[in-house]
Amino acid sequence: TNFDHKDLSINPNLIKAKRMRLEYLLSLEKRKPWGHIKSTVGYRALSYQLNQQNLLASANKRPNAGAGLFSLDAGLYFERQGQLSGQSYTQTFEPRLFYLYNQYDNQDDFFNLTTTGGSLNFDTNTLSFGYHQLFRHSRFSGNDRLDDANQLAIGLSSSFIDNNSGKQWLQIAIGQVLYFSDRLISLDNNYNKKTLKNNRTNLLKNLQQQLQANSLSTRLQAQQKLEQLRQQTNSTSEYALSINGQYSQALRYGFNINLDNNARLVNRGNFYLRYLNSQGRIFNLGYRYQRRNAIIKNQQSINNHHNQAEASVVLPLNNRWNFIAHSSHNLNYNRELETLIGLEYDSCCYRIRLLGRRWLDNNAASIGNITLDDLKTDNGIFFEIQLKGLGKSGGNLNTLLNNSIAGYQKHKGLNQKR
């Protein structure tokens with residue numbers, strides 16, 4: 001992959017690079033009615049060829065890393081029959097173990113490559129933790145890190161399935177990861193192998209002292225650093241709980257929560273209720289929560305937790321016309337995040353959309369100590385004509401609607417059948 005910038009002088013952190021990522025995997029899997037077992041061995045390689053502009057003279061122009069991996073995934077499957085209110089159902093119980101070993105390889109050459117501390121990170125981030133994340137081979141999205149791991153994930157799930165309709169009206173799953181070693185690879189390399197091996201005791205001592213400092217800024221920075229250190233050194237992960245199901249053919253629900261067992265705090269959670277019937281009618285309700293570190297504004301500590309409610313609707317007015325609306329709201333700041341409303345005309349050969357949208361301009365959100373109160377509102381009217389099978393005129397409203405309204409893609413398929 002080639003990462004290029006037209007003008008590297010606008011930002012001394014910008015780096016031009018060519019990246020090559022290879023991954024070889026060999027798996028052996030056995031599945032039986034009572035369970036499964038799958039073993040995987042592999043090797044991952046990552047290398048860069050860097051343009052020297054903006055780089056320090058001491059920077060490695062061809063940094064690379066390579067590491068092997070091994071995983072063992074095993075699960076059992078139990079079921080029993082039952083009845084509730086005259087309806088027969090099948091209850092399943094599925095314990096699962098997933099052992100993962102990712103070999104460590106030093107990647108210090110990926111960091112501090114420019115005068116302002118620029119590092120190699122073009123498309124990589126830490127994946128949101130949840131039940132299904134327990135059984136992945138990497139804790140990162142993207143391709144700029146080869147993460148290390150020596151861990152065992154334990155998961156338990158149980159489902160209730162209607163024997164007549166086959167719908168799963170309830171599934172409950174809970175799991176946790178046991179870590180047998182520190183996680184030495186991170187996005188920022190603040191706590192690498194050398195630091196954790198030689199300075200862990202002093203780091204903890206200094207951070208604990210900074211938590212008692214008179215300066216509010218010092219205390220908040222120490223808290224953020226301590227949380228990152230614990231994420232890389234804790235012996236257990238958060239608990240991941242997932243509850244979801246299908247109440248009827250049209251109505252689905254879900255609830256997910258991550259509980260920090262050490263701090264006794266809810267780190268992340270969400271709830272959703274989704275309705276999509278055979279006529280393409282959509283009603284969605286949702287709520288999201290994410291615990292975030294506080295920020296300083298006007299010499300005061302500001303709660304920066306993500307606390308968001310949202311709703312959306314698609315109503316067919318007849319065989320061709322649809323009414324569309326979506327709104328999301330931050331409850332902490334009592335601030336509108338996005339509202340869109342409009343009409344859509346859909347025929348066999350073309351589609352027309354006219355939408356009004358109001359949203360917060362997030363371009364400044366990455367700047368330190370910026371809150372939602374500081375962001376400005378943008379307004380726009382969007383018009384799009386799409387000739388099916390040929391192309392379109394106007395902005396990419398399809399992507400906007402798919403991201404904003406759950407079930408919108410399926411709604412389009414139902415429209416074509418009407």
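Let's start inside helix 1, where Thr195, Leu196, Leu203 and Leu207 are buried, buried meaning under 20% relative accessible area, exposed over 50% and partly exposed in between, with a 1.4 Å probe and protein chains only. Part of the cover over the buried residues of helix 1 comes from helix 2 (216-233). Helices (H or I, at least four residues) and strands (E, at least two) are DSSP runs here, numbered from the N terminus.

Before going further, please keep in mind that this is a predicted model, in which local features need pLDDT of at least 70, side-chain atom pairs count only at pLDDT 80 or more, and totals for chains, interfaces and linings use all residues. Residues are numbered from 1 along each chain as its sequence is written, and side-chain values use heavy atoms, with hydrogens and water left out.

Helix 1 has another feature to look for: a kink of about 80°, centred on Asn199. The bend at a residue is the angle between axes fitted to the seven residues ending there and the seven starting there. A salt bridge is a side-chain nitrogen of Lys or Arg within 4 Å of a carboxyl oxygen of Asp or Glu.

The structure holds 18 salt bridges. Another of them joins the side chains of Arg44 and Asp147 (3.1 Å, N to O). Here too distant parts of the chain are linked: Arg44 sits in strand 3 (residues 35-50) and Asp147 in the loop between strand 8 (140-141) and strand 9 (149-162), 103 residues apart. Both Arg44 and Asp147 are buried. Further along, Glu344 and Arg353 pair through their side chains (3.0 Å, N to O), and both residues are buried. They belong to a network of salt bridges that links Glu344, Asp346, Arg351, Arg353 and Glu384.

Now turn to His306, which lies in strand 17 (residues 306-316). His306 is buried because its relative accessible area is 16%. Leaving aside residues up to four places away in sequence, His306 touches Arg288, Tyr289, Gln290, Arg292 and Asn330, a contact being heavy atoms within 4.5 Å. Gly175, by comparison, is 131 residues from His306 in sequence and 24 Å away in space, C-alpha to C-alpha.

Finally, step back to the whole protein, which has 4 helices and 22 strands. Its C-alpha trace spans about 65 × 55 × 50 Å along the principal axes. Of the 418 residues, 37% are buried. Among contacts between residues at least 6 apart in sequence, 55% join residues at least 24 apart. There are 49 positive and 30 negative side chains, and the centres of the two sets lie 2 Å apart. In that count Lys and Arg are positive and Asp and Glu negative, while His and the chain ends are not counted; each charge is placed at NZ of Lys, CZ of Arg, CG of Asp or CD of Glu.
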